[in-house]
Amino acid sequence: MLLQVKDLAVKVGEKLVVRSASLTVNDGEVVYLLGPNASGKTTLIRAIMGFPNYRVIRGKLMYEGRDVTNVSLEQRVRLGLGMTYQIPPKIDGIKVRELLKELLRRRSAVSEYEEIISTLNIEYLIDRDLNRGFSGGEMKRVEVALLAAQAPRLALVDEPDSGVDVESIMYIAEGLKKLLNKGLTKSMVIVTHTAFITKYLKPSKVCIMKDGVVRGCGGADLIDEIMKEGFKPW
């Protein structure tokens, strides 16, 4: 088992956002976390990543059999966790090309640069400041390119299909699939409330989160159920 989340409760400031979350991620799994807006999905994966303002007040996070509940974000990155942002930051003075190549240099993989920018179709963005003036789809494609450059063992992908055109979703899905197929990333947790990306990247498991609680997990057929009935039955 790669990741085990055990009855996690998370506060942001004084607000209890995640009330009870339990899920497992095994090697080779693509786990989709679905739920309506403000259900706690982003808070949960930020807590898994170790963001300092996301306080775990109950439960445990086990990664490769190790308790990482109180391990820093930096150490979790070293252990092989990586994440994309739902709303990526805009940074003046940092070119996409420079950041991508620096991340690739850190794992001696600069040879992958051309394939990454081609797969995500971001050749025309690489000499621009990071996310400055980018569309929603362009920002998400660059985020996945940066994730590919890091090649984390466990990737936490936050709403890659939110506010994104269909063509960008296809590029994003292809980028994520290549990470998995090449064995650079073993498993993924993908947060979505639209499930559009599931058309291009199929889930191994689907978990439903609502009102701060992971209500249950099941197979890919849950996607069809949600598309027909919404989240009310949960």
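How many of the nine residues of helix 1 are buried? The points below take up this question and others on the predicted model.

1. Helix 1. Nine of the nine residues of helix 1 are buried, so this helix is largely enclosed by the rest of the structure. The buried residues are Lys41, Thr42, Thr43, Leu44, Ile45, Arg46, Ala47, Ile48 and Met49. After helix 1 comes Gly50, which has a positive phi, near 100 degrees.

2. Overall build. The chain contains seven helices and 12 strands. Its radius of gyration is 17 Å, close to the 17 Å given by the globule rule for 234 residues, so the chain is as compact as a globular protein of that length. The C-alpha trace spans about 45 × 40 × 35 Å along the principal axes of the chain.

3. Of the 234 residues, 52% count as buried. Among the contacts with a separation of 6 or more, 70% are accounted for by residues 24 or more positions apart.

4. Aromatic pairs. The structure holds two aromatic pairs. Phe51 and Tyr54 form an edge-to-face pair, with 5.9 Å from centre to centre and 85 degrees between the planes. Phe51 and Tyr85 also form an edge-to-face pair, with 6.2 Å from centre to centre and 70 degrees between the planes. Phe51 lies in the loop between helix 1 (41–49) and strand 4 (54–63), and Tyr85 in the loop between strand 6 (81–84) and strand 7 (91–95), so this pair ties together parts that are 34 residues apart in sequence.

5. The aromatic cluster. Phe51, Tyr54 and Tyr85 form one aromatic cluster. Tyr85, with a relative accessible area of 32%, is partly exposed.

6. Asp27. Where does Asp27 lie? Asp27 is placed in the loop between strand 2 (15–25) and strand 3 (30–34). Its relative accessible area is 48%, so Asp27 is partly exposed; the exposed class requires over 50%. When neighbours within four places in sequence are left aside, Asp27 is in contact with Leu2, Arg153, Lys186 and Ser187. Asp27 and Ser72 are 45 residues apart along the chain, and their C-alpha atoms are separated by 23 Å.

7. Ser108. Although Ser108 is not a glycine, its phi is positive, at about 55 degrees. Ser108 is found in the loop between helix 3 (96–106) and helix 4 (113–119). The relative accessibility of Ser108 is 71%, and the residue therefore counts as exposed.

8. Glu159. A positive phi of about 50 degrees is also found at Glu159, which is not a glycine. The residue is placed in the loop between strand 9 (154–158) and helix 6 (166–181). Is Glu159 buried or exposed? With a relative accessibility of 3%, Glu159 counts as buried, whereas Ser108 counts as exposed.

9. Lys178. Lys178 is found in helix 6. At 28% relative accessibility, Lys178 counts as partly exposed. Which residues does Lys178 contact, leaving aside its neighbours within four places in sequence? Glu115 and Thr119 are in contact with Lys178 on that basis. Between Lys178 and Leu44 there are 134 residues of separation in sequence and 25 Å in space, C-alpha to C-alpha. Leu44 is one of the buried residues of helix 1.

Conventions: Residues numbered from 1 in each chain as written. Predicted model: local features only at pLDDT ≥ 70, side-chain atom pairs only at ≥ 80, totals over all residues. Heavy atoms only, no water. Helix = DSSP H or I, 4+ residues; strand = E, 2+ residues; numbered from the N terminus. Rg over C-alpha atoms; globule rule 2.2 N^0.38 Å. Buried < 20%, exposed > 50% of the residue type's maximum accessible area, 1.4 Å probe, protein only. Contact = heavy atoms within 4.5 Å. Phe/Tyr/Trp six-rings, centres within 6.5 Å; stacked < 30°, edge-to-face > 60°.
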